[in-house]
2 protein chains.
Amino acid sequence: MLVADLQTPALLVERTLLEDNLARMSAALPGPRLRPHVKAHKTTALARLQADAGHRGFTCATIREVEGMAAAGLGQDLLLANEVLDARRLGAVVEAGARVTLAVDSEQTVDAAAAGGVREVVVDVDVGLPRCGCDPSDAGWIADLARSRGLEVRGVMGYEGHLMLETDRKAEQTEECMAKLLAAHADVGGELVSAGGTGTYDVNHAATEIQAGSYALMDTAYVQAGLPFAQALTVLARVVSTNPQGWAVADLGLKSLGMDHGNPTLPGMTVWFCSDEHTTFSAESAALPAVGDLVRAEPAHVDPTVALHQRMHLVDGDEVLESWEVDLRGW
Amino acid sequence: MLVADLQTPALLVERTLLEDNLARMSAALPGPRLRPHVKAHKTTALARLQADAGHRGFTCATIREVEGMAAAGLGQDLLLANEVLDARRLGAVVEAGARVTLAVDSEQTVDAAAAGGVREVVVDVDVGLPRCGCDPSDAGWIADLARSRGLEVRGVMGYEGHLMLETDRKAEQTEECMAKLLAAHADVGGELVSAGGTGTYDVNHAATEIQAGSYALMDTAYVQAGLPFAQALTVLARVVSTNPQGWAVADLGLKSLGMDHGNPTLPGMTVWFCSDEHTTFSAESAALPAVGDLVRAEPAHVDPTVALHQRMHLVDGDEVLESWEVDLRGW
C-alpha cells in the first residue's frame, strides 16, 4: 500500500527514524535503565519494539494503558505512574498474572491500592513540578502505611516535568530535584528510584530508571529543545483547497493534532491557524502545494496528537509497511 | 447508575440544559432554517434529538460523519460542508439511499464529486475566513462546470467563522460577508444559501439555513461571548492528589480536553495548567476539594473535546440517564 492511498488525516511513523531513536536511547539507557512511557504512543505494537530493544518494564499513565499492555503480553513489569482512587481493575490485571506497581502519595491512594488488590507500590514524591506526589518529608510514613496494609514498597518515583524543555542549567536543576527524591528514598527504601523523561534522559544520573516516552516518535517542541532524536511522527494531510490570495488548506486540524504546544509545523510553509478539520497556510521557503497534493505536518506535542487517532502507519518514504492500532486510548 | 460510579475522566451532558438549548434554537430557527452541524457533538444519539426537534437536514465535516449519520437512519439530507478529493465513500452512501450534498470550490473537487458518484453539490464561497471556498466571482463557472459534469447544484455555502466570537459590529460584519455569498448565489442559483454558526445564528438573516452545532453542548468560549445557551457539557474528573502548598490535581488533561482555546474552567478554582492526564488548580472563591472528590470542568472548546472521548453520558444531577457512543469520530 502507498501513503497516497491512505485516508487523510493519518499518523505516519518513518521506520528508519523510529529505529534510530529507539537504538540511540537503548545505547544511552540499556535494558532496565529505561522504563519507556507508553502514554507518548499508546500503541502496543510500538511498545513491543521497545521490549525487543531490551526494555521489559514500562510506564503507564492510565488504567487502560496497564490493561492493554498486559493483554498484549507486555505485562512483565508495569508501573502506573499515577494515582487512582479505585484500583480494582488493576487488581484484576495482577490476578491475571501481570506485574503492576502503582504510585501512591496519600493515605487514600494507599488504601485504594490495598483495597483494589494491587500488591506493589512506589511512593510518588513532589520534586518541583506542582502536580501529584507527596512532600519528600512525608514519603517515609506513606511507605510505612503501605507496608502496614500488606503492600510491597518498591521505592520512589518523582517527575521533574517542569525541566523537560528547560535550556538554562538543566543538569543542575535536575540534580536539585533528584536530591529531594533521594532524600525521600532514604526514608522509603526499595530498589527503584524512577524519574526523568525524554528531556532529562542524559542529565538525570540519580534515577535508577528513566521514564522517557516522547523520544520514540518526537514532536517539534522536543526537537527545538535540541534533543538528539529525530521527528519520526508526522500527520499526513491532503490539500483540499487553494486560494488565489495566496493560501492553501489541508485536511488536518484540531481533531487530528494536540494543540496545547501550538500550531503544527509544515516545512517550507507558514501555518496561519487550525480549525476542526483544516489548517490554513501560506508559502514561506517552498512553493505552495496544489489541490490534491499531500503534505506531512509535524505536530507540536506528540502525546495528545496520538490520542486523537485510531491507528498509526509505519512507512518507508511513500510506502506503508504496517498499520498499528493506537490500542491504549481511553481510560 | 450514579455519576460517582463513572470511570473518570468522562463527558457529562446535563439533560435539562441540553433540552433548553435545543428548544431555544428550534424556536429561533425552526425546522429547515437550522441544519445542525454534527461536528460539535459527533454523536448520532444527540443528532436524533435534533431531528426530533424538526431539523431533518444535517451538516457534516468529514466523510465518516456522513457515513455514520446515514447508517443511523439520519441521512435524509446530509451536507458535507467540506472539500474532498476522493468522494467514492460518499457515492456509496448515496447508492445506499441517503441524500448527500458535497461542497466544491475548484475544478478538482467538482471532478472528484462526479467521479465518486455524488449527485448533488453546493459551491463553497470564501466570505472572509481564510479557509476553503472559491472567490465569489468564480462561483458561477464552478456551478456551470458541475452541471456540465451531470451534478445537481443546490446553491451556495459560506462560513463567516472569523465572526463567531466577534463582539464588535457582528451583525454588520456578518451582513458584509453574506453580501459576497448572495452575489455568488445570484450567479449559481439553487435553493440553498447555507452559512452561519452558533455565534451568528441570530444576526445572519441572509442564509436560508444556519449550520450551527456548538449551541447544543456549548463551551466556555461561546458562553463568554454572551450567547443565550447554557454550558450543558462538562468533563467529570476526580481529585487524585492534593498538596499542602495549596494545590489539587484532578484526572483530566490534554487527552480529555480540546486545548486550542486554552485551559478549562473549574468553577471556584484557578486552573494552573494541564498535562496529559492531570489538571493542577488552586482554590479561588470556593474551598479546595479533597482527594476522591469529583469536579466538573467546563471545556474551552467543545468540538475537539468531544473528539477525544468514546462516549458521553446524559445526566440529571448525580444520576446517569443514558450513555451515548461518540460514534462519528475518525475520518
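Begin by selecting chains A and B together: in this predicted model, 46 residues of chain A are in contact with 46 residues of chain B, where contact means that the C-beta atoms, placed from the backbone, lie within 7 Å. Chains are lettered from A in the order in which they are written, and residues are numbered from 1 along each chain.

Next, colour strand S9 (233-243) of chain A, which gives the most to the side of chain A that touches chain B, with 4 residues; strands are DSSP runs of E with at least two residues, and helices are runs of H or I with at least four. Strand S10 (247-250) and helix H9 (302-306) of chain A are among the other elements that give two or more residues to this side.

Now move to the open sheet of chain A, where 7 strands follow the order S2-S3-S4-S5-S6-S7-S8 with parallel pairing, two strands being paired if DSSP finds at least two bridges between them. Strand S2 (57-60) and strand S8 (209-210) of chain A stand at the edges, each with a single partner strand, so one side of each has no neighbour in the sheet. Select S2(A) and strand S3 (residues 77-80) of chain A to find the 4 bridges that join them, and look for A:Thr59, whose bridge partner in S3(A) is A:Leu79.

Finally, select B:Val123, which touches B:Val104, B:Cys134 and B:Ile142, among others. Which residues have the most contacts inside the largest nonpolar core? B:Val123 is one of them, as are A:Leu102 and A:Val156, and this core has 210 residues.

How values were computed
Predicted model: local features only at pLDDT ≥ 70, side-chain atom pairs only at ≥ 80, totals over all residues. Contact = placed C-beta atoms within 7 Å. Core = buried A, V, L, I, M, F, W, Y, C linked by C-beta atoms within 7 Å. Buried ≥ 20, exposed ≤ 12 C-beta atoms within 10 Å, placed from the backbone. Lists of a residue's contacts leave out its neighbours within four places in sequence.
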